[in-house]
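Hello,

Here is the structure we talked about. Please open it alongside this email; my notes follow below.

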Amino acid sequence: MTAPSESDPAVAAAEAELERLRAEAAAAEAQLKAAQAKAALAAAEAEAAKARAGAETAEPEASAAPDAPAAPEASAAPDQEISPEQDGSAAEQPVSAGSPDLGEAAEGGPLDADEIGAIIDGYTFEVSTLDLGALVNTDAVPEAQIRIPLGMMNRHGLVAGATGTGKTRTLQGLAEQLAAKGVPVFAADIKGDLSGVATPGVESEKLLARTRGIGQDWKPEASATEYFALGGIGKGVPVRATVSGFGPLLLSKVLGLNETQESSLGLVFHYADKQGLALVDLADLRAVLTYLTSDEGKGELKELGGLSPATAGVILRELITFADDGADVFFGEPEFEVSEFLRTAADGRGIISLLEVPGVADKPALFSTFLMYLLAELFEMLPEVGDLDKPKLVFFFDEAHLLFKDASKDFLSAIVQTVRLIRSKGVGVFFVTQTPKDVPGDVLAQLGSRVQHALRAFTPDDAKALRATVGTYPKSGYDLERVLQELGTGEAIVTVMSEKGAPTPVAWTRLRAPQGLMSPSAEADIDAAVAASPLLAKYGTAIDRESAREVLTAKMAAADEAAAAEQAALEKAKADAEFAKQQAAIDKAQAAADKKAQQEYERLLKKTSESSRTSRSSQKSPLEEILNSKTTQTVLGGVIRGLFGTGKR
């Protein structure tokens with residue numbers, strides 16, 4: 001760590017702390033001298049009393065007498081030493097506040113011997129524990145081991161700290177110890193760093209020097225590990241969920257819907273359930289929304305109430321975008337049974353279930369919400385068990401800030417309720433994030449253990465967050481605002497819940513090193529572990545059964561066919577009517593033509609008859625024709641004129 005400059009406020013604070021320690025040392029020295037004088041006086045008075053009684057002259061030991069009774073008073077002096085016989089086994093017995101080792105440990109550190117003793121007492125339990133590490137008081141104090149009672153791991157906790165401060169290694173160490181004590185563990189592995197838990201660690205001089213310094217008997221050891229992959233993306237047994245199982249609340253969080261749209265989506269789920277439409281994947285939900293906004297379903301949409309066509313359209317567009325981003329692979333069947341996370345190995349060790357999610361780093365909302373779904377499923381399926389000696393499962397919720405970002409009130413309420421109540425189901429939840437401010441206050445209030453790695457204060461907002469974090473800790477002998485910025489990698493400020501339910505003293509802790517590999521396992525080893533998993537046959541192959549999409553597609557196809565048939569019948573009826581109309585017109589025209597023709601026929605017939613009669617009446621005999629001829633008329637005229645003298649004279 002770079003030394004601060006002369007003008008750094010940390011220097012002034014350090015000098016003030018040094019002056020305080022000097023004053024305390026001077027006071028302790030004065031108290032010691034007073035105690036020695038008092039003891040000497042008491043010894044002298046006792047000697048005088050013996051002399052007055054006529055007792056034998058005592059052996060000359062008056063010079064040593066003043067120090068003898070002073071030991072109880074001076075036990076906290078920094079320089080005092082005691083032998084191993086007086087101390088007992090330093091490796092196994094808690095060191096009392098009066099121990100000379102504590103005095104040496106307190107020399108130059110922020111804590112005095114009494115405060116170190118109080119921390120030792122606070123972290124000494126009569127029940128099974130997980131070892132976090134050793135107290136730091138400038139240097140490590142291996143006699144002061146910091147622990148968490150195993151039974152308190154279901155009271156939840158927080159592991160926080162800036163990037164690169166050792167949160168992942170803390171998580172790995174806790175997971176290894178839990179599994180070794182028969183407790184199954186679930187953790188999400190975003191960067192793949194946790195996969196090394198399945199491979200024995202690698203010994204080095206630096207590692208051993210560190211572990212010896214904190215009293216850790218380190219040895220390489222692998223844990224029983226099962227790899228899972230969200231939706232089959234990445235390496236591991238696929239973990240899928242049905243849309244129905246995921247539910248409208250979590251899906252609304254993933255889609256970024258507002259409260260009104262979230263409520264409307266709930267109505268859609270209610271409609272699908274009422275109609276017996278299985279929502280297996282996103283295509284099913286899109287099919288329901290498409291149907292409700294179509295001509296065939298608009299009547300049913302109206303009956304739902306509270307769901308406008310515009311809102312349904314917005315949800316449908318968000319679903320399409322969501323699916324286009326590749327999220328549809330996370331939904332489907334076979335649906336994963338969360339009871340698989342509760343398994344133990346044949347030798348009794350808990351299995352560490354790692355959800356490998358490097359492939360969904362660009363979908364943080366989906367990743368965090370899917371973890372919440374798994375936790376909610378555990379809450380639903382597990383029975384009430386009360387307080388157990390050890391949890392059934394410890395669930396590490398990495399990148400927890402993603403879960404709470406832009407969350408609705410209903411969503412936050414669901415999280416708080418789940419965290420509050422799942423403890424009684426035997427499940428512990430540890431949130432892993434960068435700063436405590438990433439977790440809402442209502443959730444923080446439910447957490448019993450805190451492992452706070454270093455925080456940075458590069459901006460005014462960072463400084464404000466740092467002060468807020470300090471304000472949440474109990475009173476201690478540390479200047480936490482300073483210490484939290486000076487913690488080294490693998491160090492943390494710790495306070496946990498004792499087996500009596502009370503918080504332990506705040507302890508600057510150098511954490512134990514994991515026994516597994518502190519880097520990713522080899523790809524070939526992961527592939528082999530996945531191929532050998534007994535769960536692969538059950539969940540490895542996706543199933544596409546008949547669901548809402550197929551039902552509604554068939555329904556809409558039948559509706560289309562019925563509509564087409566109805567349209568064809570209507571067209572036929574119209575054609576028949578037009579034909580009948582045309583036929584009637586033709587018949588009418590034909591009748592008119594027939595009538596006219598009949599009339600014409602009758603007229604012609606009548607005319608013919610009349611013509612015939614006329615012809616018969618006008619026919620002349622040969623005599624009449626001769627007489628009426630012009631020649632006969634001329635002859636007769638001449639004769640007549642001759643007879644009557646009318647002719648030319």
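Which backbone oxygen does the side chain of Gln 177 reach? That of Asp 131, at 2.7 Å. Bear in mind that this is a predicted model.

Some context on Gln 177. This residue sits in helix H5, which covers residues 167–180. Is Gln 177 buried or exposed? Gln 177 is buried, because its relative accessible area is 17% and the cut-off for buried is under 20%. Leaving aside residues up to four places away in sequence, Gln 177 touches Leu 130, Asp 131 and Arg 512.

Next, helix H12. This helix runs over residues 364–381 and has 18 residues. From first C-alpha to last, H12 reaches 26 Å, close to the 26 Å expected at 1.5 Å a residue.

Now the whole chain. It holds 22 helices and 12 strands. Of its 649 residues, 41% are buried. Among contacts with a separation of 6 or more, 74% join residues 24 or more positions apart. The accessible surface comes to about 34,000 Å². Carbon and sulfur atoms account for 54% of that surface.

To look at these spots yourself, start with Gln 177 in H5, then move to H12 at residues 364–381.

Best wishes

How values were computed
Residues numbered from 1 in each chain as written. Predicted model: local features only at pLDDT ≥ 70, side-chain atom pairs only at ≥ 80, totals over all residues. Heavy atoms only, no water. Helix = DSSP H or I, 4+ residues; strand = E, 2+ residues; numbered from the N terminus. Expected span 1.5 Å × (residues − 1). Buried < 20%, exposed > 50% of the residue type's maximum accessible area, 1.4 Å probe, protein only. Polar contact = N/O pair within 3.5 Å; in protein donor to acceptor, adjacent residues only side chain to side chain. Contact = heavy atoms within 4.5 Å. Areas by Shrake-Rupley, 256 points an atom, 1.4 Å probe, with all protein chains shown as cover.
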